[in-house]
Amino acid sequence: MKYDYLIVGAGLFGAVFAREAMDRGKTCLVLDRRDHIGGNIYTEEVEGIQVHRYGAHIFHTSDKNIWDYINRYAEFNGYINSPVAVYRDELYNLPFNMNTFSRMWHIRTPREAKEIIAAQIADLHIEEPRNLEEQALSLVGRDVYEKLVKGYTEKQWGRDCKDLPAFIIRRLPLRFTYDNNYFNDRYQGIPVGGYTRIIEKLLEGADVRTGVDYLKERETYEGAAGKVIFTGMIDEYYGYRLGPLEYRSVRFETEVLDCDNYQGNAVVNYTDREVPWTRIIEHKHFEFGTQEKTVISREYSSEWRVGEEPYYPVNDEKNSALYRKYAALAAQEEKVVFGGRLGAYRYYDMDKVIASALELVQRELV
Ligand SMILES: Cc1cc2nc3c(=O)[nH]c(=O)nc-3n(C[C@H](O)[C@H](O)[C@H](O)COP(=O)(O)OP(=O)(O)OC[C@H]3O[C@@H](n4cnc5c(N)ncnc54)[C@H](O)[C@@H]3O)c2cc1C
């Protein structure tokens, strides 16, 4: 065996595990089937701007240990995510807060906003929400639902809200202060110089090969390491033998524009159903950029098919039950450990991925 660990996937999970293993004297070979490292947090420089190729990534956490950990590998720029929503010719602040309500109803005080929402909810007489529409209506009332939730959610899921199950939306937080900070977390920001640099630092000292699909070249790497850490899709690893797990996918249309400021904000959501994209990201605003040009990405939510890039796991009953069957197969493996968002079939924010990689380190290496 040449290496202690063969790590499949050069994303955040694989890179954190590799770093910790190497810091404990272990050797690592890291493979990724994409032509670059970084997984979904990969950023590349275009016109001097860090472009988030697989969707906007804002680091946020309330876990001081994770914040300290990531700050060993990057300096963060203090960016606070404050998205806005465009509904037809109206523009609202997100998350739903006093700025949103004040614009919607021309009111000023939290009391007025609460009264309007409570009256709208009471008017609907929804006892037991039977679908997502009723669930959302019973949480925020008609105006916020119709202008800011309905169209966006229908585009995200490719289905009418009446045909979606209620459990998808458990909470729709309403904030009765004039605070546009999207996240409630204590620490937040964008790494100066982009995310790829973090992964480069984490992988320093490892042998890294990109453009290699481990599942297609399994024989070549069979005896390469004592143990495999697999961060790809758990169902793909098993040849989909129990059936494929479902995902929602996202398609990105990225353009360089000959103007210095296209939309004045990093994230603009489009909440009416008529506009086909869900969001437009203007990447330079994540880093307070002053370049002459700008780069924007339109995001379109789409159905996922085997072979395409998986983004969001569909954690409904059916898929969760199927995942548990794959996880039972995985538990029998002696030399393979599954991890990361695809290995665990979970939506993980970056801080949770780091925490989960560090937990694996505790089990494996301490
Ligand atoms: C659209 C979107 C936006 C997001 N925004 C945020 C955000 O704002 N803030 C936040 O905290 N989190 C965000 N996240 C979550 C974040 O992307 C994840 O937490 C993180 O990327 C997970 O890292 P990972 O290593 O588990 O997986 P990945 O980054 O997916 O890495 C897995 C790697 O394994 C490789 N791989 C798979 N199969 C094989 C194989 N057979 N052979 C070789 N290589 C293989 C893949 O190519 C991939 O590079 C977002 C996620 C999405 C989808």
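Which residue lies over the face of Tyr 237? In this predicted model, that residue is Arg 218, placed 4.3 Å from the ring centre.

Tyr 237 forms an aromatic pair with Tyr 238; the rings are edge-to-face, with 4.9 Å between their centres and 75° between their planes. Tyr 237 counts as buried, because its relative accessibility is 8% and the cut-off for buried is under 20%. Tyr 238 is buried as well, with a relative accessible area of 6%.

Let me now turn to the aromatic pairs as a whole. The count for this model comes to 25 aromatic pairs. One of them joins Phe 101 and Trp 105, whose rings are stacked, 5.6 Å centre to centre and with 15° between the planes.

How many residues apart are Phe 101 and Trp 105 in helix H3? They are four residues apart in this helix, which spans residues 98-105, and so about one helical turn separates them. Phe 101 is buried, with a relative accessible area of 0%. Trp 105 also counts as buried, at 14% relative accessibility.

To close, I return to the opening question: Tyr 237 has Arg 218 over its face and Tyr 238 as an edge-to-face partner.

Definitions and conventions:
Residues are numbered from 1 along each chain as its sequence is written. This is a predicted model: local features need pLDDT of at least 70, side-chain atom pairs count only at pLDDT 80 or more; totals for chains, interfaces and linings use all residues. Side-chain values use heavy atoms; hydrogens and water are left out. Rings of Phe, Tyr and Trp (its six-membered ring) pair if their centres lie within 6.5 Å; planes under 30 degrees apart count as stacked, over 60 as edge-to-face and the rest as tilted. Helices (H or I, at least four residues) and strands (E, at least two) are DSSP runs, numbered from the N terminus. Buried means under 20% relative accessible area, exposed over 50%, partly exposed in between (1.4 Å probe, protein chains only). A charge sits over a ring if NZ of Lys or CZ of Arg is within 6 Å of the ring centre and within 35 degrees of the ring normal.
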